Amino acid sequence: MELFLQQVLNGLTLGGVYSLVALGLTLVYGILHVPNFAHGAFYMAGAYSAFFIMTKLGLNYWWGMLGAAAVVALISVLSERLVFHPLRKAPYLHHMIASIGILLFLEAGAQAIWGADFHRMETPYTQLLEFGGLTLPAQRLLIIGAAFLLVALLQLFLKKTITGATIVAMAQNREGAALVGIDANRVAMLTFAIAGALAGMAAVLYAPINLVYTSMGNLVITKAFVIIVLGGMGSVPGAIVGGLIIGFAEAFGAFYISTDYKDIIAFALLVLILSVRPQGLFAKGAH
Amino acid sequence: MLEIDSLTKRFGGLAAVNDVSVQFARGTINAIIGPNGAGKTTFFNLVSGAIAPTSGKVVFDGRDVTGLRADQVARLGMARTFQSTTLFDTATVLDNLIVGHRLRTKSSLVDVVLGTKRLKDEERICREKARAALDFVGLGHVENRIAGDISQEERKRVAFALALSTDPTMLLLDEPAGGVNPEETVGLAKLIRKMAASGLTVCLIEHKMDMIMNLADKILVLNYGEKIAEGTPAEIRANPVVIEAYLGSEHAAA
Amino acid sequence: MKLFSSTTGWLLLLALALAFPFLAGNDYHLTVMSTAYIYAIATIGLNLITGYTGQYNLAHSGFMAVGAYTVGILTVDHQVPFWIAFVLAGVVAAAIGFFVGLVSLRLKTHFFSIFTLCVGYIMYLLIEKWESLTHGTVGIIGIPAPPNIGSIDFTEPRPQYYLVLFFLVLSLWIMHRIVRSLLGRTFMAIRNGDDLAQALGINLMRNKLLAFMLSVFFAGLAGGLYAGFVRFIGPGVASVEHTFDMTMYMLIGGIGTLLGPLLGAIGVPWLTQYLQVLQDFRFVVFGPLLVILVIFLPYGIVGTWMNRKRRKEALAAQAAVPGSPREVSSIPAAKGATHA
């Protein structure tokens, strides 16, 4: 029983991280209508920024997280302005290639600066809490708590503020939003900033457990894609639910089936579901 | 030539096209009009096979084509153009048209790799058909121009030529005069009449009332996905339902 | 098509390629060039599905790995003769491509790319973890080179070079045939837009599947050649990085042309060779370069040059036709329209 609950905890942890990354990705998809392959590099950049802040500048974990959010938000907005905005009328293929260009640049850049080794990120939350026979690492609890908090804040922002509502509107219909006078550019930049911040923070949350390395974003981003394809591109609830589903599937799959092949689970799910329903699980209307 | 029977398409709870029935006779020019969002392009999509109907029947030249794929319907002789014409902008106009006759050819990968006579013959035929189609629409002289350089009106004609090179018996034209000035519109109308005169059945969606009133043999009026009127231009012009729904404000604007 | 610029141009390139071993300084240069040729074959395949048919396949290097591992597993573990294994490399890749394509080609373009990205990862992970089949992270060593033909020993750099060159020329020739033909035009029509292609009577699924299978067939064969040339393979062959490299080659040269990817596949590795320091960090330069190319020079170097040439020819032909209107009659409608 304890083992089962342990996996539930793991699932929530993973799900939290994946959801945060997928959320940013799905919001950006709503603006671009093209998957941003660089999102995984944003994730990685968040971890390295925090790492830099904590090791070189000697500041603590929370400053690292804040710094990471700011840095990645900036990188994200720059990408939008310098790369995606000029390409807005170009065919999708160009968007995809450009986002890959950004990805390659960020990864290679990180490797040039910090090398290809794995780095350890320190966290003040190394305690292990005992509760009902379960071992609850504090960091995992932090991840779960932070993820829920951030998701809740985001939902509040999207539903209760005007800016938030315009993001949602744009994600669903860009032309329509423009007609109503919404400043597409500002919304785009804001969305990218939020997406970047979320990815950066997710990385800082998870890095103490999973280490910091230049390709850390690759698997995460691919799974995030699986999540938004399954949950519906542009759908916020889809990203959250999808993230949890994948998180649980992986946690339980890793434990009960095989740790070796656990990474395949998300992809196998995607392959399976798209084979049967090419439009994804929650797609609405024609696309 | 074309028989539509209770054609319906629902998206979720919404009926984009609702129980529309109509018949189009061979060799005639038929216009489909209606306010924006009336379901005209959806109607075309249903007829040409681009989307599958929820219920109803489409009978083309005596054959039930309901639910067939768009490429199958095209092969049976129904060609169509789209509101926005995508061409290979960096290739010549003639180059753009050669693929139009592809559907009547049989060459396969083996023919291609071996460079068989069949392939050579079929490519020659495609090129000839392309040239003929281009001449028909009056653009023989631009065959070597880069497609990206021609005017909007010329683009529309090239789109017609592309449809014609498939050797169709029927043509669906979606806003053939979109973005074209009044003088050029008259030219396009003449071209459409020429197509009908050569034996083709033409259906078009258009908003330009003058053009339609002078051109069409029959007009079908859609509103909110439903047929609200059908008849000759004179009948439609006098029909109070149509006038109320659409024609009045449009006519003032057109 | 002006005969001078195309056929003579290609013959010139061929002559250069044949003479290269005599011009090159040492065996190392031959090896670099041969490897470039192998990846050129794979890139030409990728260009068919992406450049000509408009579907960006991110699993391409995975298929190349399938080819490499087919040769590796069959020759090392089952003593299958090299050439049989080589042919099977292409066949197995195409077969897997059939099933992947069947599922994925129904999807909209970016779904397709995401899907293939995942397929590529699955391939990589499977190669890494399925130790009983693929030897896992250790990789397969001691892959035999192609058997000697008479006294020609394919473990030597010069014969290897000519062998690979032979296959490159063959691939280019076949691809040239495909691209120039009605089949090639069909693929391009699909790239231009699914709806219009269907309205022209083109069966989307069948043609996309054909393009996809052909493209991964090339990848598989390239992989097989790689195995027989480098004689040792590991899971890294399937890394998506190689697909990114090949994307780079296509873009620099000119996506959707025949010469472009070839020049890119040969030129770029040489560039990184000379900028040795760039080797591991090549993407610091390539990344932004990709972005810049895609924004400012989407047709690549060769592509842009060819467009310009075509335009000149068109204007010249226009001027020669009697009675044709000299000036452009109205504002061209094509500004900002989708590029080819």
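Leaving aside neighbours within four places in sequence, A:M201 is in contact with A:L20, A:G46, A:M65, A:A68, A:A69 and A:L150; contact here means that the C-beta atoms of two residues, placed from the backbone, lie within 7 Å. This is a predicted model, in which local features need pLDDT of at least 70 and side-chain atom pairs count only at pLDDT 80 or more, while totals for chains, interfaces and linings use all residues. Residues are numbered from 1 along each chain as its sequence is written, and chains are lettered from A and ligands numbered from 1 in the order in which they are written.

**The largest nonpolar core**

A:M201 is also among the residues that touch the most other members of the largest nonpolar core, together with A:V21, A:A47, A:A202, A:V226 and C:A222. That core holds 288 residues. A nonpolar core is a set of buried Ala, Val, Leu, Ile, Met, Phe, Trp, Tyr and Cys residues joined through C-beta atoms within 7 Å. A residue is buried if 20 or more other C-beta atoms lie within 10 Å of its own, exposed if 12 or fewer, and partly exposed in between, with C-beta atoms placed from the backbone. Helix α8 (residues 184-210) of chain A gives the largest share of this core, 17 residues. Domain 1 (1-77 + 169-254) and domain 2 (87-167) of chain B each supply at least three residues to this core.

**Chains A and C**

| Property | Chain A | Chain C |
|---|---|---|
| Helices and strands | 11 helices, two strands | 14 helices, two strands |
| Buried share | 52% of 287 residues | 53% of 340 residues |
| Extent along principal axes (C-alpha) | roughly 60 × 45 × 35 Å | about 70 × 50 × 40 Å |

Helices (H or I, at least four residues) and strands (E, at least two) are DSSP runs, numbered from the N terminus. Along the sequence, chain A reads α-α-α-α-β-β-α-α-α-α-α-α-α. The radius of gyration of chain A is 18 Å, close to the 19 Å from the globule rule for 287 residues, so chain A is as compact as a globular protein of that length.

In chain A, 76% of the contacts between residues at least 6 apart in sequence join residues at least 24 apart.

Helix α7 (residues 157-180) of chain C has 24 residues and reaches 34 Å from its first C-alpha to its last, close to the expected 34 Å. The expected span is 1.5 Å times one less than the number of residues. Buried residues in α7(C) include C:Y161, C:V164, C:L168, C:L172 and C:M175.

Chain B is divided into domain 1 and domain 2, with bounds from an automatic or database domain assignment. The centres of the two domains, over C-alpha atoms, are 27 Å apart. Nine residues from domain 1 of chain B and nine from domain 2 of chain B make the contact. On the domain 1 side, α2 (70-75) and α7 (182-197) of chain B give two or more residues, and α7(B) gives the most, three.

The contact of chain B with chain C takes 41 residues from each chain. The elements of chain B that give two or more residues to it include α5 (117-136) and α6 (152-164).

How values were computed
The radius of gyration is taken over C-alpha atoms; the globule rule is 2.2 Å times the number of residues to the power 0.38.
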